Amino acid sequence: MKVLLLKDPKDSGPDPYIKELGLYNFEATLIPVLSFEFLSLESLFEKLSHPECYGGLVFTSPRAVEAIKICLKEHSKKEAWSKSLKQMWNMKPTYVVGKATASLVEEIGLSPQGEKCGNAEKLAEYICSREKPNSSALLFPCGALKREVLPTVLREKGIPLEGLTVYQTTQHPELQESLSSYFSQQGIPASVVFFSPSGVKFCLQHIQKLSGDVINHVKFAAIGPTTAEALEAAGIPVSCTAGSPTPQDLAAAIHKALRSQNC
C-alpha cells in the first residue's frame, strides 16, 4: 500500500520515515511542502553573543536551529562561537521539542533537554518545572507562524521569554506540480501524512481536488496533535496521530489504522 508523506526529505542519507514504513511493507513517497526564508540573522547572532543576558535557549522547530547554523558559516562568528559562546550557553539549559531539533542542537555543540516532551504544551510544562519566575529571559528563536501556546503558558507562570522571528514559511514552489504528478502516476494513496499545520494549509485543497470522490477512502494521518487539530478544523477526519513525533510511532499508527480498515 502507498503512503504519501508531505514533508521535506532528510538532508543526507535515507529518510527514516520511508525506512520505517518500509518495514510494514508500505511504499512511501516524500513530497516537499514548505520553503523557508531566514530572517534577522544579524540580530540573532547579536543576541547569541550575549549569553549573560539570558537564562537559556528554547527551540520548537529544526528551522530555528538551522538559522544559527547559517550564522556559524561565517568564519568570524564560527570562531567566536567555538572559543567562548558555546561554552557559556552550555552552562544554561537548551530546551527543545522533538528528536530532529535535539540532534541539530547537538550539531552546534549544545546539550538539548526536553526532547521527549513531543509538543509545545508539554515542553512549556517541562520548562515551568525547572525555571523560576522573574529570572533571566529565555531566548526563543522561532518562525513567523509560531503558535502562542508556549509563550502564553510561560507568561502565565511569570517566566520571561524573548522571542525573535528568524524564519518565515512559504509554499514550496513545485508543490502543486509534484502533487499532480504523484496522483497521475501513482494513483490515490492509502494514507496521506501531514507534518505541520502549514502543510494542511498549503496541500489540503490540492489533495481534495486530485482525490475526488475517492477521498473518503484515504486515511489521513498527523505527526502530532497540533497538525491533527488543523486537519479537523478543515473538516478532515484524522484516522491516526503518532504517539510521539518519531518514524517508529508514526509507522505503527498508520499500520494500525490501515489494518483496521482491511479487517
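Trainee: In which loop does Asn25 lie?
Mentor: This is a predicted model: local features need pLDDT of at least 70, side-chain atom pairs count only at pLDDT 80 or more, and totals for chains, interfaces and linings use all residues. Residues are numbered from 1 along each chain as its sequence is written, and side-chain values use heavy atoms, leaving out hydrogens and water. Helices (H or I, at least four residues) and strands (E, at least two) are DSSP runs, numbered from the N terminus. In those terms, Asn25 is in the loop between helix H1 (16–22) and strand S2 (27–30).

Trainee: What is the phi of Asn25, and is the residue buried or exposed?
Mentor: Most residues other than glycine have a negative phi. Asn25 is not a glycine, yet has a positive phi of about 65°. Buried means under 20% relative accessible area, exposed over 50%, and partly exposed in between (1.4 Å probe, protein chains only). With a relative accessible area of 67%, Asn25 is therefore exposed.

Trainee: What is the relative accessible area of Ser40?
Mentor: Ser40 also has a positive phi, of about 50°, although it is not a glycine. Ser40 sits in the loop between strand S3 (34–38) and H2. Ser40 counts as partly exposed because its relative accessible area is 36%.

Trainee: Which residues have the most contacts inside the largest nonpolar core?
Mentor: In soluble globular proteins, nonpolar side chains tend to be buried together. A nonpolar core is a set of buried Ala, Val, Leu, Ile, Met, Phe, Trp, Tyr and Cys residues joined through side-chain atoms within 4.5 Å. The largest such core here has 25 residues, and those with the most contacts inside it are Leu44, Leu48, Phe59, Trp81 and Trp89.

Trainee: Which element gives the most to this core?
Mentor: Several elements each supply at least two residues of this core: helix H2 (41–48), strand S4 (56–59), helix H3 (62–71), helix H4 (75–89), H5 and strand S8 (161–171). With five residues, the element that gives the most is H3.

Trainee: Leaving aside neighbours within four places in sequence, which residues is Leu44 in contact with?
Mentor: Contact means heavy atoms within 4.5 Å. With its neighbours within four places in sequence set aside, Leu44 is in contact with Ala67, Ile68, Cys71, Pro141, Leu164 and Val166.

Trainee: How many Å apart in space are Glu131 and Ser181, C-alpha to C-alpha?
Mentor: Glu131 lies in the loop between helix H6 (120–128) and strand S7 (138–143), and is buried, with a relative accessible area of 14%. Leaving aside neighbours within four places in sequence, Glu131 is in contact with Pro93, Tyr95, Leu138 and Ile159. Glu131 and Ser181 are 50 residues apart in sequence, and their C-alpha atoms are apart in space by 50 Å.

Trainee: How many Å away is the cysteine sulfur nearest to Cys117?
Mentor: A disulfide is a pair of cysteine sulfur atoms within 2.5 Å. A search of the whole structure finds zero disulfides. Cys117 is in none, and the nearest cysteine sulfur, that of Cys128, is away by 11 Å.

Trainee: What area is buried between domain 1 and domain 2?
Mentor: The domain assignment, whose bounds come from an automatic or database source, gives domain 1 (2–33 + 174–260) and domain 2 (37–169). Their centres, taken over C-alpha atoms, are separated by 29 Å, and eight residues of domain 1 are in contact with seven of domain 2. Buried area is the accessible area (1.4 Å probe) that two parts lose on being put together, summed over both. Carbon and sulfur atoms give 53% of the area buried here, which is about 610 Å².
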